[in-house]
Amino acid sequence: MTTGTSPATGRTATPVRPPTGWLDLARVVAIVAVVMVHVVVPVMAATERGEPAWWVAAGLNAASRWCVPVFLMVSGALLLEPSRSGPVGAFYVKRLRRVGVPLAFWTAFYLVYRDVVRGDDIGPEQVLKLVASGEPFLQLYFLYVVAGLTLLTPFLRLVTRHGSRETVTVMAAVFFAIAVLNQALMSFVPVGGTNAVTIWLPFVGYYVAGWVLRDTLLRGSQTAWAVVVLVSTVVATTLWAAVFTDYVFAYATPLVVIMSLAALLLLHRAGERLPDGRGGPGSSGGSAVRWMSDLSFGVFLVHPVVLDLLRQVTGLPTQPAPLLGVIALQLVVAVLASALVAAIARRVPLLREVF
């Protein structure tokens, strides 16, 4: 990355950015990891802690916990770009269409799905509580998180535009510390909690860290050390869950924070040569990754329905070997089927707005 420095302020001038195709790769890998989490968590819930099947599911769960943080860091890397400027109102209107409309549609969809298809028999009072909690269904909390971060984005851009990189790094660290302490208090005391209005607060650190790390590229032994950190945190997370509690799987725990930062840096290293994927000369590989990246939001939204259908067919083996086969089958089918649904829906004018 080529930059200039202002003698008066010491701040970095507008840099010449390297290709950002790796951000698309990060989205693609992260959505596969999201589906993996939702494949194996029910296995953990249905088996005794310490059983062979539990170890398989817990290990895969731990190895995928960086997924949501990586999604948020990718968003921060793109949306907190200081050069993105314009009226705050225009930004909110644009993001309302991208985030608010899907949030409203999928909240209503999954509430009906829970009542009619799953038979949860939820009444008006429970609907209100589910929406107020910011978690009306399995994965929808993410939309509430994104909505909250969207409201904060214009003001965070002021910091990335006028503050030094050190200032923004310290800000990310402070938000991480607050989130980790908050999670520990909720899990071990327990006190507090979040709702639809505050559910985004524990994730601000990831959002800001995405911009801080966007142009950081590992070289030489740094890559090997990042692999060691990633593997070590995955192993430590699995062992902690086996010995103590599932607290360690929360996104705002020290192990998951470290794991997620390492995962982002390794994904950058893996995709450093990918072009932006917008159809330029020699960018066919990048274009394919970009295409799948564009579908990742749709996969995120619909894959729980696909998994519900698959579980009725595959069941839940208790032995590790057949269990691994079922996990692989559910993962591949859920990702591909959801991507197909998203690809078709994006061609339908009205549906395109919510995918």
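This report walks through the pockets, a surface patch and some salt bridges of the structure above.

The model is predicted, so local features need pLDDT of at least 70 and side-chain atom pairs count only at pLDDT 80 or more, while totals for chains, interfaces and linings use all residues. Residues are numbered from 1 along each chain as its sequence is written, and side-chain values use heavy atoms, with hydrogens and water left out.

**Pockets**

Rolling a probe the size of a water molecule over the atoms shows where empty space is left. Here a pocket is an open set of points on a 1 Å grid over the protein atoms alone, where a 1.4 Å probe fits, with protein on both sides within 12 Å along at least five of seven lines; lining residues have an atom within 4 Å of a point. A volume is the space filled by probe spheres set on the points, which are joined across faces, edges and corners.

The largest pocket holds about 1,200 Å³ of space. Its lining has 43 residues, and Arg27, Leu78, Leu79, Arg95 and Arg98 lie nearest the centre. The second largest pocket has a volume of about 730 Å³. Among its 25 lining residues, Arg65, Glu135, Leu138, Tyr141 and Tyr251 lie nearest the centre.

**Surface patch**

**Salt bridges**

A salt bridge is a side-chain nitrogen of Lys or Arg within 4 Å of a carboxyl oxygen of Asp or Glu. By this rule there are 13 salt bridges. Three of them are listed here.

| Pair | N to O distance |
|---|---|
| Arg118 and Asp308 | 3.0 Å |
| Lys129 and Glu125 | 3.6 Å |
| Asp294 and Arg290 | 3.6 Å |

Salt bridges that share partners join Asp24, Arg27, Arg290 and Asp294 into one network.

How exposed are some of these residues? Buried means under 20% relative accessible area, exposed over 50%, and partly exposed in between (1.4 Å probe, protein chains only). Arg118 is partly exposed at 41% relative accessibility, whereas Asp308 is buried at 13%. Both Lys129 and Glu125 are exposed, and Asp294 is partly exposed at 29%.
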